Amino acid sequence: MSEAVLQSVSTLETERRNVGKSVKPRKDSELVRGAGSYVDDIKLPDMVYASFLRSPYAHARIAKIDPSKAMALPGVLYVLTGTETARQLVYWMQKPGMRTPERLSLAVEKTRFVGEPIVAVAAVSRAIAEDAVELISVEYEPLPPVVDAEVSLRKPPSLLYEEWGDNILFHDVHITPGTMEAFARADFVLKERLVSNRYSPTPIETRAILSYYDKNEKTLLVYASTQFPHVLRTFLSQTIDFPENKIRVIAPRVGGGFGIKSAVFQDEVSAVILSMKLGRPVKWVEDRREHLLIAGHERQQVHYIECAFKNDGTLIAVKDRIIADFGCSGTFWTEVQPAMLTAASIPGPYKLRYYDFDLSCVVTNKAPCGPHRGFGRPVAAYVMERMMDIAAKKLGIDPAEIRSKNMLDSTDLPWTTPIGVIYDTGNYKEVLARTLKLAHYQELRKEQSDSKRKNKCIGLGLATYVEYTAPASSRLQGPLGWAVSGWESCRLTADPSGKVTAQLGMAGQGQAHETVFAQVISDALGVKLDDVTVHEGDTQNAPYGFGAWASRGTVTTGGACIKASRKMKDKVLQIASHVLKQPPEDLQISDGTIKVTSDNGKSNMSSITFREVADIAIRFSSRLPEGMEPGLDVISFYEPDAPTTCSYATHLVVAEVDRETGVVALKKYFIVDDSGILINPMTAHGQVHGALAHGIGGAIFEELPYTADGQLAASTFVDYLLPTADVMPEVTVDSIETPSLTLGGFKGLGEGAAIPTAAAIANAIDDALDGLTSKFKELPAKPETVFSLIRNN
């Protein structure tokens with residue numbers, strides 16, 4: 001660590017009174033009582049409702065639209081087609097070699113997936129709007145659908161975008177000098193085809209937007225269930241060509257983001273356009289079928305991976321050919337990044353010097369590929385961790401041994417991967433060892449052996465990963481080609497009573513920001529926790545911010561809170577110094593009181609409260625030092641100096657496989673992670689539990705399969721299964737704290753537990769079925785898939 005960072009972490013250690021405590025989230029009671037206000041709870045005068053006619057075809061030309069019957073239905077106020085108004089959704093990513101396909105607010109000449117919006121209707125009620133949609137007549141000219149990415153890449157039956165000449169959205173190749181020679185030195189090479197499934201984020205609150213265009217004031221008010229209010233405001237300004245300073249975006253309570261709410265889709269833009277046409281509030285709330293049809297389709301990839309090993313288990317080189325199914329396109333604003341992150345994350349926590357990849361992002365007639373919790377990394381962990389287990393089995397060594405042998409030592413850090421990702425701080429081997437100890441690994445192995453004699457199939461699955469979080473502007477704007485910065489902001493204001501209010505540029509979706517950032521500010525400023533209030537989510541009041549994604553909130557906003565607190569603290573100490581006639585370096589703030597730390601006899605006053613200083617700064621400004629401006633109002637911006645801040649963990653699952661049915665039952669699950677300094681262990685571990693459930697769903701239950709004609713075969717919760725409480729295992733979570741190279745020593749956390757879950761479960765299934773010649777190679781691990789593996793052995 002640099003001396004500056006070490007000094008910063010040391011300073012924070014002396015300040016820590018609330019950071020590190022499991023403080024109960026402030027909004028829990030409100031949410032449990034159902035008193036939280038979400039977009040659908042908001043009612044505005046003269047509000048109307050939107051509904052969409054969506055394409056029933058995966059691939060078709062639109063020959064004619066006749067909305068006359070819908071327009072004649074009483075209660076219908078407007079029927080909008082793309083021919084009248086179709087806006088091109090802007091791109092913020094301009095990666096060399098990445099194509100930017102047409103992305104209109106409503107389809108005009110062609111539809112490219114089932115569910116694509118073609119006509120928008122506004123009516124006085126949702127029911128009437130939905131009835132009107134049924135009355136619209138559309139003539140289609142069906143085209144051959146493309147539903148298999150490998151076929152689309154090799155010999156497609158049709159082209160989604162004729163002007164391209166192929167169906168390749170993006171192609172990238174990385175070659176590390178020496179990889180070929182490393183493979184030549186290998187004692188053996190493992191080659192596998194591994195497949196990951198397409199599935200949805202499924203937040204409990206679907207996408208929702210309420211837009212009101214005031215024709216008199218020429219302003220636009222937008223309530224949205226979004227992860228990035230400021231970004232949404234800028235996006236809308238650019239897409240609909242409207243002054244940004246006339247747009248106000250408010251994110252009220254958001255019922256889960258999970259990545260998909262850091263995207264903007266066609267229907268959301270169309271709802272805004274409807275409100276501008278009518279000059280009335282227009283609300284649209286996505287139903288669950290629409291969500292499954294459209295939102296957050298990610299992870300569908302095929303990997304042809306080759307791993308070169310020595311006979312002692314040393315991994316020396318990897319080559320991976322990746323085919324990623326992107327549906328009809330990427331989404332604003334992440335585009336092809338999910339697959340790029342998969343390719344970047346394959347090396348994992350291993351001392352791998354030689355790594356080549358060939359990545360093809362291919363378009364098909366499916367819903368667009370959008371961001372999804374874990375963002376490409378779960379696929380990378382699945383692929384790499386399966387290969388480590390397959391190698392261990394071939395060599396007859398324990399899966400823990402082969403991982404420990406290849407893991408980076410703490411002395412190797414910082415480490416630069418073959419494609420240039422920097423791992424900053426950590427102790428991967430300690431986390432692995434701690435996981436094994438926490439689980440009593442050797443005892444579990446003995447129990448497993450004993451269970452075999454009882455004809456039970458018990459398996460242990462290990463998996464690990466590294467997640468780079470809170471990427472800096474240099475990485476976002478450089479390798480990713482993204483018009484996005486990596487900083488966040490905090491404005492602090494103190495009132496005359498000494499109460500402190502924070503306005504954050506970031507907005508949360510259940511991460512307890514109002515509590516954890518109050519803990520950070522309380523410690524850094526030296527005031528009582530109850531005297532700090534945190535607000536976020538309103539672009540009119542909050543400074544600009546880029547939102548909650550990439551597990552960046554604690555690192556970036558936490559750092560901004562510390563910087564702003566220290567800026568305010570410096571002014572407070574200057575005022576107190578003037579009043580107490582003591583040097584500011586001899587003063588200390590604790591629990592809202594400024595005290596003299598050394599007795600030099602210069603004043604009879606030994607202390608002054610923060611409230612008194614705030615009152616002087618605002619109401620009694622004549623008592624301020626000469627030349628000092630009144631008020632206690634500061635703003636700070638922070639982004640890490642390091643290009644990446646890396647979290648990591650090891651997972652160990654105990655699973656039982658029923659040979660008669662293929663059902664996988666998870667018995668116990670152990671997690672040890674390193675997310676740097678934990679602000680609030682209770683809320684942190686709550687996020688770990690939530691992300692784990694998300695990962696379990698994708699590993700065993702969730703899948704978005706398409707039929708040969710491009711129809712989604714799982715568009716309701718009858719067909720699309722989610723994990724329920726009865727399938728969750730007994731979960732044990734532990735952490736180590738290795739400070740990052742950031743202000744506060746924080747690391748990202750929110751997505752981590754969803755990353756290695758599928759890998760750990762797949763490894764446990766293979767371990768339970770030890771002795772079979774076939775291997776588990778395709779997610780999800782549904783009973784029919786596992787049973788087929790057993791039957792075909």
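Predicted model: local features only at pLDDT ≥ 70, side-chain atom pairs only at ≥ 80, totals over all residues.
Residues are numbered from 1 along each chain as its sequence is written, and side-chain values use heavy atoms, with hydrogens and water left out. Helices (H or I, at least four residues) and strands (E, at least two) are DSSP runs, numbered from the N terminus.

**Helix packing**

- Helix 16 (residues 513-525) packs with helix 17 (residues 553-580) at an angle of about 30°, and their axes are 8 Å apart. Axes here are lines fitted to C-alpha atoms, for helices over the stretch in contact, and angles run from 0 to 180 degrees between N-to-C directions.
- That angle makes helix 16 roughly parallel to helix 17. The cut-offs: under 35 degrees is roughly parallel, over 145 roughly antiparallel, 65 to 115 roughly perpendicular, and the rest oblique.
- Helix 16 and helix 17 cross in a right-handed way. A crossing is right-handed if the near helix is turned clockwise from the far one by less than a right angle, and left-handed if anticlockwise.
- On the helix 16 side, the contact (heavy atoms within 4.5 Å) is made by Phe517, Val520, Ile521, Ala524 and Leu525. Helix 17 brings residues including Gly553, Thr557, Cys561, Ser565 and Lys569.
- By class, the contact of helix 16 with helix 17 has eight nonpolar, five polar and one charged residues. Ala, Val, Leu, Ile, Met, Phe, Trp, Tyr, Cys and Pro count as nonpolar, Asp, Glu, Lys and Arg as charged, and the others, Gly among them, as polar.
- Helix 10 and helix 11 (residues 377-395) also pack, at about 35° with axes 7 Å apart, and their crossing is right-handed.
- Leu341, Thr342 and Ser345 of helix 10 meet Arg377, Val379 and Ala380 of helix 11. That contact divides into three nonpolar, two polar and one charged.

**Aromatic pairs**

- The count comes to 21 aromatic pairs. Rings of Phe, Tyr and Trp (its six-membered ring) pair if their centres lie within 6.5 Å; planes under 30 degrees apart are stacked, over 60 edge-to-face, and the rest tilted.
- Tyr213 and Phe242 make an edge-to-face pair, 5.9 Å centre to centre with 80° between the planes. Tyr213 sits in strand 9 (residues 208-214) and Phe242 in the loop between helix 7 (229-240) and strand 11 (247-250), so the pair ties together parts that are 29 residues apart in sequence.
- Tyr213 counts as buried at 10% relative accessibility, and Phe242 does so at 11%. Buried means under 20% relative accessible area, exposed over 50%, and partly exposed in between (1.4 Å probe, protein chains only).
- Phe235 and Phe332 have ring centres 4.4 Å apart and planes at 40°, so this pair is tilted. Phe235 lies in helix 7 and Phe332 in the loop between strand 14 (315-325) and helix 10 (337-345), so the pair ties together parts that are 97 residues apart in sequence.
- Phe235 is buried at 0%, and Phe332 is buried at 0% as well.
- Trp92, Phe228, Phe235, Phe332, Trp333, Trp482 and Trp549 form one aromatic cluster.

- Trp333 lies in the loop between strand 14 and helix 10.
- Another cis peptide bond joins Leu413 and Pro414, with omega about 0°. Pro414 is in the loop between helix 12 (399-406) and strand 16 (415-416).
- Glu335 is not a glycine, yet has a positive phi of about 50°. Glu335 lies in the loop between strand 14 and helix 10 and is buried, with a relative accessible area of 2%.
- Ala512 also has a positive phi, near 65°. Ala512 is in the loop between strand 20 (500-504) and helix 16 and is buried at 9%.

**Two loop residues**

- His372 is found in the loop between strand 15 (355-362) and helix 11, and is buried at 1%. Leaving aside neighbours within four places in sequence, His372 contacts residues including Tyr199, Phe258, Glu298, Arg299 and His694.
- Tyr354 lies in the loop between helix 10 and strand 15 and counts as partly exposed at 23%. Not counting residues up to four places away in sequence, Tyr354 touches Thr176, Arg185, Ile316 and Pro418, among others.
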